[in-house]
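Have the model open beside you as you read.

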Amino acid sequence: EDALRAAELTLRLVLNTFEAYSLESTAKTPDAIDAATATVVALHNLAIEQLHCFRREEAVGACSKALRIAARHLDERSELVRKVTMTLEAVRRATQGRVPAEHAP
């Protein structure tokens, strides 16, 4: 639970650091790319912690939001987008009951 709270706090700090228009804009300006990258990383970390705490539906939401932001601002071939996509697939499998043994309750 401490790691989950830390991930939630990190996301809030990231969102407060960047001006709101940076994520709302579809422009691929340096500010928008920086804001998107930090937000996607924070959402990805949050999703992983939610999954570890068996908050699977919330993890799907966090990963989905990260991918929507990434689609607007980041190169779809980036390593970050690939990792978030893989995490979303894993979280979706977990919500369907197909959980790897190391993540089973």
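T87 counts as buried because its relative accessibility is 14%, where buried means under 20% relative accessible area, exposed over 50% and partly exposed in between (1.4 Å probe, protein chains only). This is a predicted model, so local features need pLDDT of at least 70 and side-chain atom pairs count only at pLDDT 80 or more, while totals for chains, interfaces and linings use all residues. Residues are numbered from 1 along each chain as its sequence is written, and side-chain values use heavy atoms, with hydrogens and water left out.

T87 sits in helix α5; helices here are DSSP runs (H or I, at least four residues) numbered from the N terminus. Leaving aside residues up to four places away in sequence, T87 touches H44, I48 and C63, with contact meaning heavy atoms within 4.5 Å.

Two packed helices are described by the angle between their axes and the distance between the axes. The axes are lines fitted to C-alpha atoms, for helices over the stretch in contact, and angles run from 0 to 180 degrees between N-to-C directions.

| Pair | Axis distance | Angle |
|---|---|---|
| α3 and α5 | within 11 Å | roughly 25° |
| α4 and α5 | 9 Å | about 155° |

The angle makes α3 roughly parallel to α5, a label for angles under 35 degrees, with over 145 counting as roughly antiparallel. On the α3 side the contact includes V40, H44 and I48, and on the α5 side it includes L80, V84 and T87. By its own angle, α4 is therefore roughly antiparallel to α5. Among the residues making that contact are C63, A66 and A70 of α4, and V84, T87 and V91 of α5.

After α3 comes F54, which has a positive phi, near 60°.

Which residues touch the most other members of the largest nonpolar core? They are V40, L43, I69 and L74, in a core of 27 residues. Such a core is a set of buried Ala, Val, Leu, Ile, Met, Phe, Trp, Tyr and Cys residues joined through side-chain atoms within 4.5 Å. V40 touches A66, I69, A70, L74, L80 and V84, not counting residues up to four places away in sequence.

How values were computed:
Helices (H or I, at least four residues) and strands (E, at least two) are DSSP runs, numbered from the N terminus. Angles under 35 degrees count as roughly parallel, over 145 as roughly antiparallel, 65 to 115 as roughly perpendicular and the rest as oblique.
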